[in-house]
Amino acid sequence: QVQLVESGGGLVQAGGSLRLSCAASERTFRIYNMAWFRQAAGKEREFVAAQGWSGGSAYYADSVKGRFTISRDNAKTTVLLQMNSLKPEDTAIYYCAARSNGDNNWAYWGQGTQVTVSS
């Protein structure tokens with residue numbers, strides 16, 4: 001069982017930056033693929049970014065490509081989401097998710113952290 005705890009959300013003006021952090025409880029963190037999703041008010045949850053267990057290739061939604069960067073520190077069992085050039089449309093609750101390498105479903109989720117971008 002993996003427990004995920006997000007932090008780092010808050011209020012920022014458009015054009016600003018925030019860094020989200022997700023701490024995982026699992027000692028075998030390194031074998032999990034990690035991702036960030038977000039859900040804006042009245043909308044469905046959507047994919048933001050993901051990175052494989054090895055920390056190599058990263059994948060991004062088109063809407064955040066070039067502005068957001070996902071990274072992980074396996075020694076600290078932490079995954080980060082650096083968000084730059086934030087826009088009001090980035091306002092959402094951001095969730096960290098994990099799945100075992102080879103699984104199709106994101107089985108583990110954090111409680112979410114609110115990001116609000118003012119115009």
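**Aromatic pairs, core, disulfide and buried charges**

Analyst: The structure, which is a predicted model, holds four aromatic pairs. One of them joins Phe 37 and Trp 106 in an edge-to-face arrangement, with 5.9 Å centre to centre and 75° between the planes.

User: Where in the chain do Phe 37 and Trp 106 lie?

Analyst: Phe 37 belongs to strand S4, whereas Trp 106 is in the loop between S9 and strand S10 (108-109). The pair therefore links distant parts of the chain, 69 residues apart. Both Phe 37 and Trp 106 are buried.

User: What is the geometry of the pair formed by Phe 37 and Trp 109?

Analyst: That pair is tilted: the centres are 4.9 Å apart and the planes make an angle of 55°. An angle over 60 degrees would count as edge-to-face and one under 30 as stacked. Here too distant parts of the chain are linked, since Phe 37 is in strand S4 and Trp 109 in strand S10, 72 residues apart.

User: Which residues do the ring pairs link into a cluster?

Analyst: The cluster consists of Phe 37, Phe 47, Trp 106 and Trp 109. Phe 47 is located in strand S5 and is partly exposed, with a relative accessible area of 30%. Leaving out residues up to four places away in sequence, Phe 47 touches Trp 36, Phe 37, Tyr 59, Tyr 60 and Ala 61. By contrast, the C-alpha atoms of Phe 47 and Ala 14 are separated by 21 Å, although these residues are 33 apart along the chain.

User: Over which rings does Arg 45 lie?

Analyst: Arg 45 lies over the face of Tyr 95, at 4.1 Å from the ring centre. Arg 45 also lies over the face of Trp 109, at 4.4 Å from the ring centre.

User: How should I read a nonpolar core, and which residues touch the most other members of the largest one?

Analyst: In general, nonpolar side chains of soluble globular proteins tend to be buried together. In this model the largest nonpolar core has 27 residues, and those touching the most other members are Leu 4, Trp 36, Leu 81, Met 83 and Tyr 94. At least two residues of this core come from each of strand S3 (18-24), S4, strand S5 (46-51), strand S7 (68-73), S8, S9 and strand S11 (113-118). A second, separate core has five residues, including Ala 35, Ala 50, Ala 97 and Trp 106.

User: Which residues are in contact with Met 83, apart from its neighbours in sequence?

Analyst: Setting aside neighbours within four places, Met 83 is in contact with Gly 16, Ser 17, Leu 18, Leu 20, Arg 67, Phe 68, Tyr 94 and Val 115.

User: How is a disulfide read, and which cysteines form one here?

Analyst: A disulfide is a covalent bond between the sulfur atoms of two cysteines. The count in this structure is one disulfide, formed by Cys 22 and Cys 96 with their sulfur atoms 2.1 Å apart. Cys 22 lies in strand S3 and Cys 96 in strand S9, so the bond ties together parts that are 74 residues apart in sequence. The torsion about the S-S bond is about -80°, which means that the disulfide is left-handed. Cys 22 and Cys 96 are both buried.

User: Is Arg 38 buried or exposed, and with which side chains does it make polar contacts?

Analyst: Arg 38, in strand S4 (residues 32-39), counts as buried because its relative accessibility is 6%. Its side chain makes a polar contact of 2.6 Å with that of Glu 46 and another of 2.9 Å with that of Tyr 94. Beyond four places in sequence, the residues in contact with Arg 38 include Ser 63, Phe 68 and Asp 90.

User: What can be read for Asp 90?

Analyst: Asp 90 lies in the loop between strand S8 (78-83) and strand S9 (92-100). Asp 90 counts as buried because its relative accessibility is 1%. The side chains of Asp 90 and Arg 67 make a polar contact of 2.8 Å.

Conventions
Residues numbered from 1 in each chain as written. Predicted model: local features only at pLDDT ≥ 70, side-chain atom pairs only at ≥ 80, totals over all residues. Heavy atoms only, no water. Helix = DSSP H or I, 4+ residues; strand = E, 2+ residues; numbered from the N terminus. Buried < 20%, exposed > 50% of the residue type's maximum accessible area, 1.4 Å probe, protein only. Polar contact = N/O pair within 3.5 Å; in protein donor to acceptor, adjacent residues only side chain to side chain. Contact = heavy atoms within 4.5 Å. Core = buried A, V, L, I, M, F, W, Y, C linked by side-chain atoms within 4.5 Å. Phe/Tyr/Trp six-rings, centres within 6.5 Å; stacked < 30°, edge-to-face > 60°. Lys NZ or Arg CZ within 6 Å of the ring centre and 35° of its normal. Disulfide = S-S within 2.5 Å.
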